[in-house]
Amino acid sequence: MKFDFDNIVIRKGTDSVKWNGDVIASICSNRKADAFWVADMDFKTEPHIKKTAEKEAALGVFGYPLEDPVTSIFSSWTEKRHDWKIDESQSVFVNGLLHGVALAIDLFTDKGDRILVPSPTYKPFREICQDNDRIMLDVSLKKNGDGTFSLDKDSFRSALDEAAAVLFCSPHNPSGLVFDKEDLLFVLDEAKKRNKLVISDEIHADLTHPGKTHIPMGKANEEIGADTITFMAPSKTFNLAGEHAGFAVFSSKERFEIFQRKQRALRVTTPGYTIKQLMSAAYNDGYEYNKELCSYLEGTVEEMKAYLAKECPSLKLANAEASFVTFLDCSEVYEKIEKRVLSDPGRYALSPGGGVLSTFFGVEAGVCMNDGTWFGSAYKEYVRINYGTSRAFTLDALRRIADAVKAL
């Protein structure tokens with residue numbers, strides 16, 4: 001392997017929110033717990049990106065960049081990584097995917113409209129709906145007996161009539177589900193029949209593991225002709241999550257022009273100097289790094305699943321087919337854990353940003369994970385674990401989690 005993913009960057013004591021003790025305590029009631037929560041990785045970023053950052057830092061000036069289009073860099077990446085040749089004339093840079101999604105919701109739906117979102121739901125999606133005076137129409141994915149999730153087509157179809165738009169997360173966070181072509185065509189076909197807009201946040205797309213193939217919504221839509229906006233970004237792919245950059249690809253020329261005109265009105269049309277340089281290095285030179293990282297992450301998942309099957313079968317990983325975060329299904333032991341936590345509030349002081357499970361594993365295993373309730377009240381029996389770190393560190397955390405469960 002050309003790249004070293006076994007030696008991670010230690011970020012304690014830096015400005016990293018992931019490793020901040022106060023934030024960790026607010027999630028799991030143990031500020032000394034190891035961070036396996038927020039979705040950024042502990043790996044060094046791709047070498048060309050680091051070299052570019054060092055070059056710009058040595059220059060010592062961070063002035064205005066050329067306002068030349070950057071969509072061509074993104075287009076080259078999507079063609080190489082996803083075999084998708086985008087229409088650059090209907091594609092635009094956005095200042096982060098949440099900004100882009102929120103702007104689309106604001107522009108193309110009305111106050112009081114319902115937005116269909118498959119759940120469990122990335123919490124900012126819920127907040128975007130609330131902050132824009134929309135109503136999130138929560139449509140659950142199907143829970144399977146092995147801990148995985150899948151698209152519930154009947155529930156999706158029946159709910160779609162009530163919605164003004166669909167907000168999709170593909171691959172899905174927090175399950176790690178990679179939707180197959182049949183699922184995507186179903187969503188697009190049903191949306192087209194009802195003249196509904198489909199907004200697809202695909203921030204995790206580039207980290208789809210080798211055993212699966214991610215199909216961008218916009219690419220799948222070439223067979224259907226629905227109304228879509230597909231969002232992608234380099235942020236998760238290359239550990240640039242703090243830089244707020246992404247792209248939106250529109251199927252509708254009219255919607256593209258409305259969106260771009262609003263961006264001009266808000267003066268959010270171009271990337272800043274630093275992210276432009278880093279993003280360019282990532283998309284131009286980061287393909288081999290991305291391939292090896294995806295293989296490494298898949299190998300970690302395989303070892304995690306094997307360990308749990310042998311040592312603690314009451315815990316199950318969800319799909320974990322993309323990215324580096326996935327749900328850990330604790331439903332078989334949840335009642336025991338809840339009874340333990342609620343019976344001893346002195347030891348298990350529930351934190352404002354956590355829940356029963358995040359507190360239990362924070363205290364007993366020294367592992368900080370997002371509580372499932374962060375993704376919706378129906379998911380209290382889950383935690384989301386971040387395995388975007390060294391395999392040895394991840395497996396050690398999993399051992400501590402299993403030991404805590406076995407000691408109940």
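Which residues have the most contacts inside the largest nonpolar core?

**Figure 1. The largest nonpolar core.** L315, F361 and I401 have the most contacts within this core of 75 residues. Helix α11 (residues 287-311) supplies its largest share, eight residues. The model is predicted: local features need pLDDT of at least 70, side-chain atom pairs count only at pLDDT 80 or more, and totals for chains, interfaces and linings use all residues. Numbering starts from 1 along each chain as its sequence is written, and side-chain values use heavy atoms, without hydrogens and water. A nonpolar core is a set of buried Ala, Val, Leu, Ile, Met, Phe, Trp, Tyr and Cys residues joined through side-chain atoms within 4.5 Å. Buried means under 20% relative accessible area, exposed over 50%, and partly exposed in between (1.4 Å probe, protein chains only).

Figure 2. Leaving out residues up to four places away in sequence, I401 touches L315, L328, F361, A365, V367, M369 and I385. Another core, of 31 residues, lies apart from the largest one. Its members include F156, A159, F179 and A226. Contact here means heavy atoms within 4.5 Å.

Figure 3. The chain has 14 helices and 15 strands. Its radius of gyration is 21 Å, close to the 22 Å from the globule rule for 408 residues, so the chain is as compact as a globular protein of that length. That radius is taken over C-alpha atoms, and the rule is 2.2 Å times the number of residues to the power 0.38. Helices (H or I, at least four residues) and strands (E, at least two) are DSSP runs, numbered from the N terminus. The C-alpha trace spans about 60 × 55 × 35 Å along its principal axes. Of the 408 residues, 57% are buried. Among contacts with a separation of 6 or more, 73% join residues 24 or more positions apart.

**Figure 4. Helix α13 and its cover.** Is this helix mostly covered or mostly open? Helix α13 (residues 356-364) is mostly covered, with eight of its nine residues buried. Those buried are V356, L357, S358, T359, F360, F361, G362 and V363. Their cover includes the helices α1 (21-28), α12 (334-343) and α14 (391-406). It also includes the strands β13 (367-368), β14 (370-371) and β15 (382-386). G366 follows α13 and has a positive phi, near 65°.

**Figure 5. Two cis peptide bonds.** Most residues other than glycine have a negative phi, and most peptide bonds are trans. The bond from S119 to P120 is cis, with omega near 10°. P120 sits in the loop between β3 (114-119) and α5 (123-131). A cis bond also joins S170 and P171, where omega is about -5°. P171 belongs to the loop between β7 (165-169) and α7 (181-193).

**Figure 6. Two serines with positive phi.** S29 has phi near 65°, a positive value in a residue other than glycine. S29 lies in the loop between α1 and β1 (34-35). Its relative accessible area is 26%, so S29 is partly exposed. S323 is not a glycine, yet its phi is positive, about 65°. The loop between β11 (316-317) and β12 (325-329) holds S323. Is S323 buried or exposed? S323 is buried, with a relative accessible area of 2%.

Figure 7. K262 is part of helix α9 (residues 253-266). K262 is partly exposed, at 32% relative accessible area. Neighbours within four places in sequence aside, K262 is in contact with L103 and L107. K262 and L107 stand 155 residues apart in sequence. From C-alpha to C-alpha they are 8.5 Å apart in space.

**Figure 8. K2 in the segment before α1.** K2 is found in the segment before α1. Its relative accessibility is 67%, so K2 counts as exposed. How far apart in space are K2 and E303? They are 21 Å apart, C-alpha to C-alpha. In sequence, 301 residues separate K2 and E303.
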